[in-house]
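Trainee: Could we go through this model together? I would like to begin with the ligand and then turn to the chain.

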Amino acid sequence: MSHPKSERTFVFIKPDGVQRTLVGEIVRRYERTGLKLLGLKMLVPTEAHVEKHYMLHPGWKKTVGEKSIESYVKKGKKPPSDNPLVVGEQVMERLKKYLTSGPFVAMVWQGAHAVGIVRKLTGGTEPLSSDVGTIRGDFVLDSYVMADTDDRAIRNLIHASGTVEEAEAEIPHWFKKDELVTYRLVQEQILYDVNLDGLLE
Ligand code: ATP
Ligand code: MG
């Protein structure tokens, strides 16, 4: 097994995050935990590239549909459809429009529990219920109901890989090998060194 400190995750700041001028704030929140930035670029993705990104994960359409339906049921409301695959397909069409609407910023972060740490700081999918203190909880106010009313994707600023396996599939989908830099970050000695020796003069 590779050491937990070598875990990587993939993040993109969606077009609304760029337009809200939150790139610096979002990078700052990940960076200050001790995670290391391995690559970063701005681009406007194609619809085909966005579709392939979500299709990297088998069952995504069904899961995303189930999550949306569950959120309606929890609030005592009737979902737009009872079929998760119908909802999932609708989400995919909306996401393609949303994510190709302007530039976004793709990043790869590395460090202990990178996937979990980034998901925790990012917060849950629906800003209405994302925890206070998370990026989605603090900086945006969208909901499933708003998205369905206006027939669009939920604007939640960020995508972040959900698992290590997802990250390993998503990173090469967005970054060529030579676009990622492997290097030593000085602070890693304090984060990961076993004995913390060599501090005292
Ligand atoms: P992400 O994968 O973007 O980090 P997530 O894992 O929290 O977010 P998913 O369930 O994978 O969310 O959905 C992907 C994205 O699709 C969401 O971030 C959101 O922008 C959009 N989305 C999800 N469900 C809906 C919905 N019912 N209506 C509109 N947009 C949706
Ligand atoms: Mg997801």
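Trainee: How far is an oxygen atom of ligand 1 from an N or O atom in the side chain of K67?

Mentor: The model is a predicted one, and in it that distance is 2.9 Å.

Trainee: What about the side chain of W60?

Mentor: An N or O atom in the side chain of W60 is 3.4 Å from an oxygen atom of ligand 1. A160 takes part through its backbone, where an N or O atom lies 3.1 Å from a ligand oxygen.

Trainee: How much of ligand 1 does the protein bury?

Mentor: The protein buries 95% of the 580 Å² that ligand 1 exposes when taken alone.

Trainee: How many residues surround ligand 1, and which are the closest?

Mentor: There are 22 residues around ligand 1, and K67, S68, T125, I154 and N156 are the closest. By class, twelve of the shell residues are nonpolar, four are polar and six are charged.

Trainee: Which helices and strands supply at least two residues each to that shell?

Mentor: The helices are α4 (60-74), α5 (84-99) and α8 (144-149), and the strand is β4 (158-160).

Trainee: Changing topic, how many helices and strands does the chain have?

Mentor: The chain has ten helices and four strands. Along the sequence, their order is β-α-α-β-α-α-α-β-α-α-α-β-α-α.

Trainee: And what does the radius of gyration say about the chain?

Mentor: The chain has a radius of gyration of 18 Å, which agrees with a compact globule, because a globule of 201 residues would have a value near 17 Å. Along the principal axes, the C-alpha atoms fill a box of roughly 65 × 35 × 35 Å.

How values were computed: Residues are numbered from 1 along each chain as its sequence is written. Chains are lettered from A and ligands numbered from 1 in the order in which they are written. This is a predicted model: local features need pLDDT of at least 70, side-chain atom pairs count only at pLDDT 80 or more; totals for chains, interfaces and linings use all residues. Side-chain values use heavy atoms; hydrogens and water are left out. A residue is near a molecule or strand if one of its heavy atoms lies within 4 Å of it. A polar contact is a pair of N or O atoms within 3.5 Å; within protein, one must be able to donate a hydrogen and the other to accept it, and residues adjacent in sequence count only if both atoms are side-chain atoms. Accessible areas come from the Shrake-Rupley method with a 1.4 Å probe; for residues, only the protein chains shown count as cover. Ala, Val, Leu, Ile, Met, Phe, Trp, Tyr, Cys and Pro count as nonpolar, Asp, Glu, Lys and Arg as charged, and the others, Gly among them, as polar. The radius of gyration is taken over C-alpha atoms; the globule rule is 2.2 Å times the number of residues to the power 0.38.
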